[in-house]
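Colleague: I have a model open and would like to go through it with you. Could you take my questions as they come?

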Amino acid sequence: MRDPQPTLVPARHGKATRLRAGQAVKLVNIHGTQVVDCWAWNARDLAEHMSMEATRVWNQRLNPVVGDSFVTNRRNPILTLVEDTSPGVHDTFMAACDCHRYQRLGVREYHRNCLDNMHEALRDIGLEAPQPILASFNIFMNIAVQPDGRTLATKPTVTRPGDHVILKAEMDCIVAFSACPQDIVPIQGQGDNTPKDAAFMVLDEGFPDLPPSATWVPDRSMTS
Ligand SMILES: [Zn+2]
């Protein structure tokens with residue numbers, strides 16, 4: 001059995017790993033304050049990647065709950081959320097931060113960003129992302145839908161130190177994480193908005209073996 005050694009995702013940086021179908025990755029919010037962006041690709045064809053827009057159709061949910069699968073731009077399940085010890089507040093709406101975002105926020109110099117972290121993380125394991133993907137799964141990010149049902153509020157994380165999520169691989173895949181470098185918009189928790197380290201472990205066992213979720217289809221009994 002592979003020893004589940006933790007891999008650090010240093011503050012403001014990214015890390016990627018390979019997963020075989022049936023393995024899982026446990027992402028730990030060490031300090032409880034850090035937003036971690038996540039992407040995934042089919043290991044056999046990096047043109048197929050995890051898609052937030054297709055996942056919202058699949059689950060008919062704004063954000064995933066335990067048991068929900070993430071699907072690709074070809075509508076194949078790629079990851080399933082099988083465990084979540086956090087309050088379950090995550091985000092699928094917001095684009096990953098990139099250099100243009102920081103320029104718009106008034107930053108003059110280079111600012112580390114999640115999109116560059118995604119590319120760096122893949123290059124670290126000898127891969128090249130075929131295209132930038134702004135639609136990341138923003139783990140622990142607190143984007144609250146307001147009572148009008150359409151307005152969003154960007155808030156700090158509500159996660160506790162040591163909270164984790166476990167994502168099971170539904171296909172051989174590559175998963176990348178970025179400890180989001182955002183330090184201007186207050187999204188990191190506990191007041192100081194300082195990006196901090198996160199960590200992940202690849203697991204062969206010891207996690208709930210939930211099946212991939214089935215896609216939503218309309219209730220045809222209502223129209224027949
Ligand atoms: Zn970011």
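Colleague: What follows H1, and what is its phi?

Modeller: H1 is followed by Gln60, whose phi is positive, near 55°. Helices here (H or I, at least four residues) and strands (E, at least two) are DSSP runs, numbered from the N terminus. This is a predicted model, in which local features need pLDDT of at least 70 and side-chain atom pairs count only at pLDDT 80 or more, while totals for chains, interfaces and linings use all residues. Residues are numbered from 1 along each chain as its sequence is written.

Colleague: Which residues of H1 are buried?

Modeller: In helix H1, residues 52-59, the buried ones are Met52, Thr55, Trp58 and Asn59. A residue is buried if 20 or more other C-beta atoms lie within 10 Å of its own, exposed if 12 or fewer, and partly exposed in between, with C-beta atoms placed from the backbone.

Colleague: Where do they sit around the helix, seen down the axis of H1?

Modeller: The buried residues of H1 fall within an arc of 115°, so they line one face of the helix; the arc is that of the directions from the helix axis to the C-beta atoms.

Colleague: And what covers them?

Modeller: The cover over the buried residues of H1 includes strand S6 (69-71) and strand S8 (137-139).

Colleague: S6 again, then. What is the strand order in the open sheet of six strands?

Modeller: The order is S1-S13-S3-S11-S7-S6, with antiparallel pairing, where two strands pair if DSSP finds at least two bridges between them. Strand S1 (7-9) and S6 stand at the edges with a single partner strand each, so one side of each is left without a neighbour in the sheet. On average, neighbouring strands of this sheet are turned by 25° against each other, direction ignored; the axes behind that value are lines fitted to C-alpha atoms, for helices over the stretch in contact, and angles run from 0 to 180 degrees between N-to-C directions.

Colleague: How many bridges join S7 to S11?

Modeller: Five bridges join strand S7 (residues 77-84) to strand S11 (residues 163-169), and the two run antiparallel. Asp84 has Val165 in S11 as its bridge partner, and for Leu79 the partner in S11 is Ala169.

Colleague: Where is Asn193, and what is its phi?

Modeller: Asn193 lies in the loop between S12 and strand S13 (198-203), and its phi is near 60°, a positive value in a residue other than glycine. Asn193 is partly exposed, with 15 other C-beta atoms within 10 Å.

Colleague: What does Val36 touch?

Modeller: Not counting residues up to four places away in sequence, Val36 touches Val9, Leu27, Ile139, Phe140, Phe177, Ser178, Ala179, Cys180 and Ala198, a contact being two C-beta atoms, placed from the backbone, within 7 Å.

Colleague: And Leu105, is that buried or exposed?

Modeller: Leu105 is exposed, with 12 other C-beta atoms within 10 Å, and is found in the loop between helix H2 (99-104) and helix H3 (114-124). The C-alpha atoms of Leu105 and Ile184, 79 residues apart along the chain, are separated by 7.7 Å.

Colleague: Last one: how many helices and strands does the chain have?

Modeller: The chain has three helices and 13 strands, and 44% of its 224 residues count as buried.
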